[in-house]
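Trainee: I would like to go through this model and ask what stands behind each label. Please show it first.

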Amino acid sequence: MSITRRHFIIGSTALGAGTSICAPFFVPKYHFDRRRRRSRVAVLHAQLYSQQLDQILREGLQLFPLDVRGKTVLLKPNLVDYLPGNAINTHPTLVMAAVEAFRRLGAKSVVVAEGPGLQRDTQLVLSQSGYQESLRDEEVRFVDLNRDELIRTPLRTSYSEMKELWLPRTVLAADFLVSMPKIKTHHWSGVTLSMKNMFGIVPGLRYGWPKNILHWKGIQQSILDLCATVPIHFVIADGIIAMEGNGPLSGTPRPLGRIVLADDPVAADATCARLMGFDPDRVTHIRVGARFLGNGAPGHIDQVGHPARLPTTPFRVVKEFENLYAL
Amino acid sequence: MVLSELSVELVRRRLPCGGWPVLLSSAQPALEPTCYSLLALGTQATDVRERAVVFLLRAQNPNGSWPVFAGDDHDGSWLTSLVAVALSDHVSAIPARLKGLHWLLSSAGRESNWIWKWKFRTTDRHVRFDPDKFGWPWFPNTVSWVVPTAFAILALNQLHCFCGGFELAPSRLERGVEMLIDRACPGGGWNAGNGVVYGTAVRPHPDDTAIALLALHDRPQHPIVQVALNYLEFTAPTLAAPWSLAWAILALAAHRRPITLLRRALLDVTDLSYVEDTSTLALVCLALDHEQALVNLGVMP
């Protein structure tokens, strides 16, 4: 069979067009690998938000070779809004226990920082959710990330196709960032754990309440870009009273009785997903994050403390995320 | 602490460029605190206000919009409305203000486009709203939200005539008002954007409710406005945060509801001069001088 010049041109054009359309799906959108050889996750038992959390957390942190001496530690809780009786926010007792623990470990300073996603009046959320009093009593500095000074920051990956974001100076200047999520289901992203918690560093003043641009650019994609650009050094996830169902605001409190500590956000989120009864590989940002942001596979995670078993009854989710359930 | 002392503190926080930073610890001049401060200073500190006006004029984007802070990108933001309100009494700013309002008319929530309208009507129905009733976004290329829509209504309502390129303003204003009414929470008041998400009624926010009520000051008898006023009147005495309390005072005063106890509560907030957020401090000044503030916001004649 002979190939005419006409066929050759048509074929070449079709091949070129096909390659340019398909290539973006196959070319990795990251150019670095932050995965450590092995990650460590500790699952701790805690049934109540009580003073005993100080001790539980202190002992839990001793399971990790942490060196925060002389460092600026930034604790990033999940503080979205306040609804009486709902387990929306990371509990202030756990955050204060973390402040105390990192101070004891020799941190130069410990700051709590968050930019609530829906409520513009951060001080109102702080006072209603019990943070304000605790912060004042323990003399802890709080920075409203929705209103902090901003620095133009190029994104290190291109999942969302945003090239850059304006991010808060306080976050970028911190030596050691601790993501402290509430373990919850989320009606737009399936779960909200340590990686999704990073939406809170995106300033409302610049991007609105909620940070709508991240929704339009893709929630899973934006999570990956944020976590690639601003590394999470440690995770303390609040699963003492978690949330299931129509999270992140209108779900139902779900007593889980666990705190999850980890030196790797992907390992932390994969473990939390299992504790919720989900297959972490079915959560896009965990699955893709496990290629370069951290370890998702159990074989690369040293599990200390209590085992991360699937629950007898998995967390309820909205219909669109029923595919997350582990088989 | 009395109003005059707070005004002195406000002036003290000004940056050499003429603008104000958001947080006390910041040196980055931002538009929101500058606008509230300019409005709060009223007729005081003439030189300070003049420098603030110059700062705002210099910060305007080539397309007529205003950014969030000096040095920001040039796409434009919801602050265009607030700047237009803040500059409404300044003759030297008339051309810039009109250019800003023209930009505002060209800006709309993404659901105003037929493709997105279709999407929200057919495949994406988890958030209950009517996409035909659209307003303004926080930033270009996103959907409409309550606060930016309310500020755009306040700004466009200050136009003296709907001529000279503003012929579309009445219909945009009407749509904006319809959007606010459509997106009220079922129990009264407003949240950030919608009243029902995934079949669940969301809880109103005092500040979002107050700002929407200011925009709807000329429709006091509308049932949605009445229910929102009742919610705000009930909630305001429980508020310990100066930002929400100040907005509540302004909105309730605009609708002629009693505010004496709320003003007292605002004055009782522990040492206001230590409030780190300058926008909040300026807003407190506005609430304590609510009659003048409502004139400056274009809510009262």
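Mentor: A helix here is a DSSP run of H or I of at least four residues, and a strand is a run of E of at least two. The model is predicted. By that count chain B has 14 helices and 4 strands, while chain A has 11 helices and 12 strands.

Trainee: What makes the radius of gyration of chain B agree with a compact globule?

Mentor: For 301 residues the globule rule gives a value near 19 Å, and chain B has 19 Å, so the two agree. The C-alpha trace of chain B spans about 55 × 45 × 35 Å along its principal axes.

Trainee: How do you know whether chain A agrees with the globule rule or departs from it?

Mentor: With 327 residues the rule puts a compact globule near 20 Å; chain A has 21 Å, which counts as agreement. Its C-alpha atoms fill a box of roughly 85 × 45 × 40 Å along the principal axes.

Trainee: Why is B:Gly188 called buried?

Mentor: The cut-off is 20 or more other C-beta atoms within 10 Å. B:Gly188 has 21 such neighbours, so it counts as buried. This residue sits in the loop between α8 and β3 (196–197) of chain B. Setting aside neighbours within four places in sequence, its contacts are B:Pro204, B:Val227, B:Ala228, B:Asn230 and B:Tyr231.

Trainee: What share of each chain is buried?

Mentor: In chain B, 53% of the 301 residues count as buried. In chain A, the figure is 54% of 327 residues.

Trainee: Why is α1(B) called roughly antiparallel to α13(B)?

Mentor: The axes of helix α1 (residues 3–12) and helix α13 (residues 278–288) of chain B come within 10 Å and cross at roughly 150°. Angles over 145 degrees count as roughly antiparallel, so α1(B) is roughly antiparallel to α13(B). The crossing is left-handed.

Trainee: Which residues meet where α1(B) and α13(B) touch?

Mentor: From α1(B) they are B:Leu3, B:Leu6, B:Ser7, B:Glu9 and B:Leu10, and from α13(B) they are B:Leu281, B:Ala282, B:Val284, B:Cys285 and B:Leu288. By class that contact holds 8 nonpolar, 1 polar and 1 charged residues.

Trainee: At what angle do α2(B) and α3(B) cross?

Mentor: Helix α2 (residues 31–41) and helix α3 (residues 46–59) of chain B cross at roughly 145°, with axes that come within 10 Å. Their crossing is left-handed. Residues that meet there include B:Leu38 and B:Leu41 in α2(B), and B:Phe55 and B:Leu56 in α3(B). The contact of α2(B) with α3(B) has 8 nonpolar, 2 polar and 1 charged residues.

Trainee: How many residues does each chain bring to the contact between the chains?

Mentor: Chain B gives 25 residues and chain A gives 26. On the side of chain B that touches chain A, 14 are nonpolar, 7 polar and 4 charged.

Definitions and conventions:
Residues numbered from 1 in each chain as written. Chains lettered and ligands numbered in written order. Predicted model: local features only at pLDDT ≥ 70, side-chain atom pairs only at ≥ 80, totals over all residues. Rg over C-alpha atoms; globule rule 2.2 N^0.38 Å. Buried ≥ 20, exposed ≤ 12 C-beta atoms within 10 Å, placed from the backbone. Contact = placed C-beta atoms within 7 Å. Nonpolar A, V, L, I, M, F, W, Y, C, P; charged D, E, K, R; others polar. Axes fitted to C-alpha atoms, helices over the stretch in contact; angles between N-to-C directions. Parallel < 35°, antiparallel > 145°, perpendicular 65-115°, else oblique. Left-handed = near helix turned anticlockwise from the far one by under 90°.
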